[in-house]
Amino acid sequence: MGAPPTKWGNIDWFNHRRLHGEIGLIPPAEHEDVFYRHNPAAATVAASVPSLH
């Protein structure tokens with residue numbers, strides 16, 4: 001049971017084509033890409049805690 005194509009088209013437009021004024025007139029997906037390029041995901045706890053052995 002999929003959603004009608006128009007719903008997915010609206011979601012695509014909303015996230016990838018709409019220019020958002022609060023974030024510099026760029027699409028939200030582009031803003032998110034830039035954010036994660038400059039703020040990489042935190043490493044796992046095991047990788048960030050020095051080994052005691």
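In this predicted model, the count of salt bridges comes to 1. The partners are D12 and R17, whose side chains meet with nitrogen and oxygen 1.9 Å apart. That separation qualifies because the cut-off for a salt bridge is 4 Å between a side-chain nitrogen of Lys or Arg and a carboxyl oxygen of Asp or Glu.

Aromatic contacts come next. A search of the whole structure gives 2 aromatic pairs. One of them joins W13 and F14: the ring centres are 6.4 Å apart and the planes stand at 55°, so this pair is tilted. The label follows because planes under 30 degrees apart would count as stacked and planes over 60 as edge-to-face.

F35 counts as partly exposed at 42% relative accessibility. Y36, with a relative accessible area of 48%, is partly exposed; this value falls in that class because a residue counts as exposed over 50%.

F14 has a further contact, this time with a charged residue. R18 lies over the face of the F14 ring, at 3.7 Å from the ring centre. F14 therefore takes part in the tilted pair with W13 and also has R18 over its face.

The protein has 3 helices and 0 strands, and its elements run α-α-α from the N terminus on. Of the 53 residues in the protein, 8% are buried. The accessible surface comes to about 4900 Å², and carbon and sulfur atoms account for 63% of that area.

The average pLDDT of the protein is 82, and 68% of the residues score at least 70. Helix α2, residues 28–38, has the highest confidence, with a mean of 94. Helix α3, residues 45–48, has the lowest, at a mean of 66.

Notes: Residues are numbered from 1 along each chain as its sequence is written. This is a predicted model: local features need pLDDT of at least 70, side-chain atom pairs count only at pLDDT 80 or more; totals for chains, interfaces and linings use all residues. Side-chain values use heavy atoms; hydrogens and water are left out. Helices (H or I, at least four residues) and strands (E, at least two) are DSSP runs, numbered from the N terminus. Buried means under 20% relative accessible area, exposed over 50%, partly exposed in between (1.4 Å probe, protein chains only). Accessible areas come from the Shrake-Rupley method with a 1.4 Å probe; for residues, only the protein chains shown count as cover. Rings of Phe, Tyr and Trp (its six-membered ring) pair if their centres lie within 6.5 Å; planes under 30 degrees apart count as stacked, over 60 as edge-to-face and the rest as tilted. A charge sits over a ring if NZ of Lys or CZ of Arg is within 6 Å of the ring centre and within 35 degrees of the ring normal. pLDDT is the predictor's confidence in each residue, from 0 to 100.
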